[in-house]
Every structure is written in structure tokens, then in C-alpha cells.
Amino acid sequence: MNAIHTLSQFHRLLSLPEPKHPLVSVVDLSESVFLEDDIWKGFVNRFYCVALKRDAKGKIRYGQQHYDYDKGVLSFTAPNQVQHLDLQHMECGSGFLLIFHPDFLLGHRLSASISKYGFFDYAVNEALHLSDDEENDLISILHKIDKECVRIDKHTQEIIITQIELLLNYSARFYERQFITRKNNNHQLLAKFEQLLDEHFNQATFSELLTVKYVAGRMNLSPNYLSDLLRVHTGQNTQQHIHEKLIAKAKEMLSTTSLSVSEIAYALGFEHAQSFSTLFKKKTNLSPLEFRTLFN
């Protein structure tokens, strides 16, 4: 897989001069021209990228998903995520890219806490759609970062990282707004989620445990996006919902069958009965045998 290791290399591929700062840059897409290069057919960046695209034309493929960038959206990619660009149908349009290398965050709390921003693992088709006011708020932050990139002194890192963190916190707020305002679409997704869980747990036995990755894949969503969507609407993430259904099924089997705890564990898809017992006690404060005895 081709890799773009440095911001300088990325600037050259966009026909831009060297970045003002070696580890962080704000790219004006209206000044960018993608070089014809095979690297775009499949590549990974070694840095974070926040893309605010207002009227770009064309499609970007992320995994097996395509996203149409004809409208203004904000998307996020973390280092080492595979991307593909179709240059034949790509126009940069206007907008900005904020790119920053993980090394720029070293020694700062954001280096560890950036993983809490789950949208870096959203698929491109789960990008954030912005209102005009939201877009202007983020553009003002990007302008401040860009200005600070030329003032390289002992304060530069702290000031820029503070602005990056502010942008990420705004983005987290805007994503939550998007989860709430897209009511019709989200209600359909929630209904489909419940249906998938019910179909699975209505089976007599399971070949393996139900996973967040499997459920998200069936819904054509990334695991993080599905969990964040559920958390906003229900207060629980995907794994918590799965465990809730699993424990309900386990209680049913413990109270209505004579199967041993081990047999129930294996029937539910656990490889080891102890793993089932540990989860059951964690969720109910009772062991499976204690629950069966108490129920009887």
C-alpha cells in the first residue's frame, strides 16, 4: 500500500509549496491541483486529516463505500486509513484540509485523548453536514491555526493544539446535533438495529457471539458511528444493547430449560462457559446457578 509519510510530500502531490510548519498545515483546496499519480488509487496517510469541503465535485472511496462530495461536508481520517481517489471525476472546489502529524501532539494530553473522538473512525459516507453558522465557526478556527503556523516559537504547539481541540469539540457537538435532527432516517436505523438483534436472539442456538462489527456491517455503518448514534438516542452503545439482549436470552434459558450452565453458554455462542458466567454475574450480580436457584 502506498503511503504519504510527510506533510511536505502531501503538499507536493497537491501542487502546493512547502508547508509553513513541518507537522501541521491548513490547505486551501481552491489553490490545490492534484498531481496525476498512481498513489491516489490506494494510499494511506501517516497523519490526521480534517476535510471541510464546500463544493468539491467527485467521489472518494473509503473501504467499499463511496461518498458524493457535491455538498459541503466535514470528514475525518486518522493515520493509516486506506483511501482511494478517482482523479478523473475529482475537482477540489473550495474548502480546507487541516492535516497534522501525530508527532505534533506528543507531550500534550490530546495525544492520548484524541482516540475519544470516534468520528476519526467513521466511514466517509458518515460525514458531518454543517449549517452555515457551524461552517463559519470551524473556518475561523482553521484561519487561526494557519496564522499560527508561521509563528514557530515555544508557544506555537500549545496554541495550535488548543485550536485543534476546540475544532474537535465543536465537531463532536455538531455530530450529536446531526444524530438528533435526522429523525426519520435515524428512526429507521434504530428499528433495523432492533430487528437484527431480535432475529439473532430468537434463534435456538448461535454459532458464535454477536459482535458490534457484524451488526454495524449489516447496517452499512461503521462500528463507531452506530455506537455513537445509539448512545445519543438510547444512552447505551451497541455492545451494551447486545449484552442486554444476550442476558435476557440467558435468563430465559436458565428459567425454562434444564440445560446446564455450560450447555447454555455454548448455545449462546461462548467458547468458554466461564466467560459467560463472568458476564452474567457482572450484569446481574448473580451467577447463572444463583439466578436459576433464586428463580426456581
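## Report on a predicted protein chain

M219 is buried, with a relative accessible area of 4%; buried means under 20% relative accessible area, exposed over 50%, and partly exposed in between, with a 1.4 Å probe and protein chains only. The structure is a predicted model, in which local features need pLDDT of at least 70, side-chain atom pairs count only at pLDDT 80 or more, and totals for chains, interfaces and linings use all residues. Residues are numbered from 1 along each chain as its sequence is written, and side-chain values use heavy atoms, with hydrogens and water left out.

### Surroundings of M219

M219 lies in the loop between α6 (212-218) and α7 (223-234). Helices (H or I, at least four residues) and strands (E, at least two) are DSSP runs, numbered from the N terminus. Not counting residues up to four places away in sequence, M219 touches L189, K192, F193, L196 and L226; contact means heavy atoms within 4.5 Å. D37 is 182 residues away from M219 along the chain, and the C-alpha atoms of the two are separated by 34 Å.

### The chain as a whole

The protein chain has 11 helices and 10 strands. Its C-alpha trace spans about 75 × 45 × 40 Å along the principal axes. Of its 296 residues, 49% count as buried. Among the contacts in the chain with a separation of 6 or more, 71% are between residues 24 or more positions apart.

### The sheet

An open sheet is formed by five strands in the order β2-β9-β4-β7-β10, with antiparallel pairing. Two strands pair if DSSP finds at least two bridges between them. The strands β2 (24-28) and β10 (128-129) stand at the edges and have a single partner strand each, so one side of each is left without a neighbour in the sheet. Helix α3 (residues 132-148) packs on the sheet, where it touches β2, β4, β7, β9 (95-100) and β10. The direction of α3 makes about 50° with that of β9.

| Strand pair | Sense | Bridges |
|---|---|---|
| β2 and β9 | antiparallel | five bridges |
| β4 and β9 | antiparallel | six bridges |
| β4 and β7 | antiparallel | five bridges |

Individual residues show how these pairings are made. V24 stands opposite F100 in β9. V50 has L98 as its bridge partner in β9, and F76 as its bridge partner in β7.

Why is β9 largely enclosed by the rest of the structure? Six of the six residues of β9 are buried, so the strand is largely enclosed in this way. Both of its faces are covered: on one side G95, L97 and I99 are buried, and on the other F96, L98 and F100 are buried.

Helix α3 contains E135. With 11% relative accessibility, E135 counts as buried. Its contacts, leaving aside neighbours within four places in sequence, are L52, R54 and L130.

### Two pairs of packed helices

The axes of α3 and helix α4 (residues 156-181) come within 10 Å and cross at roughly 165°. Axes are lines fitted to C-alpha atoms, for helices over the stretch in contact, and angles run from 0 to 180 degrees between N-to-C directions. The crossing angle makes α3 roughly antiparallel to α4; angles under 35 degrees count as roughly parallel, over 145 as roughly antiparallel, 65 to 115 as roughly perpendicular and the rest as oblique. The crossing of α3 and α4 is left-handed. A crossing is left-handed if the near helix is turned anticlockwise from the far one by less than a right angle, and right-handed if clockwise.

The contact includes L138, I141, L142 and I145 of α3 and I159, I160, I164 and L167 of α4. Its residues divide into 11 nonpolar, three polar and four charged. Here Ala, Val, Leu, Ile, Met, Phe, Trp, Tyr, Cys and Pro count as nonpolar, Asp, Glu, Lys and Arg as charged, and the others, Gly among them, as polar.

Helix α8 (residues 238-256) and helix α11 (residues 288-295) pack at an angle of about 55°, and their axes are 9 Å apart. This angle makes α8 oblique to α11. The crossing of α8 and α11 is right-handed. K251, M253, L254 and S255 of α8 meet P288, F291, R292 and F295 of α11 in the contact, and these residues comprise five nonpolar, one polar and two charged.
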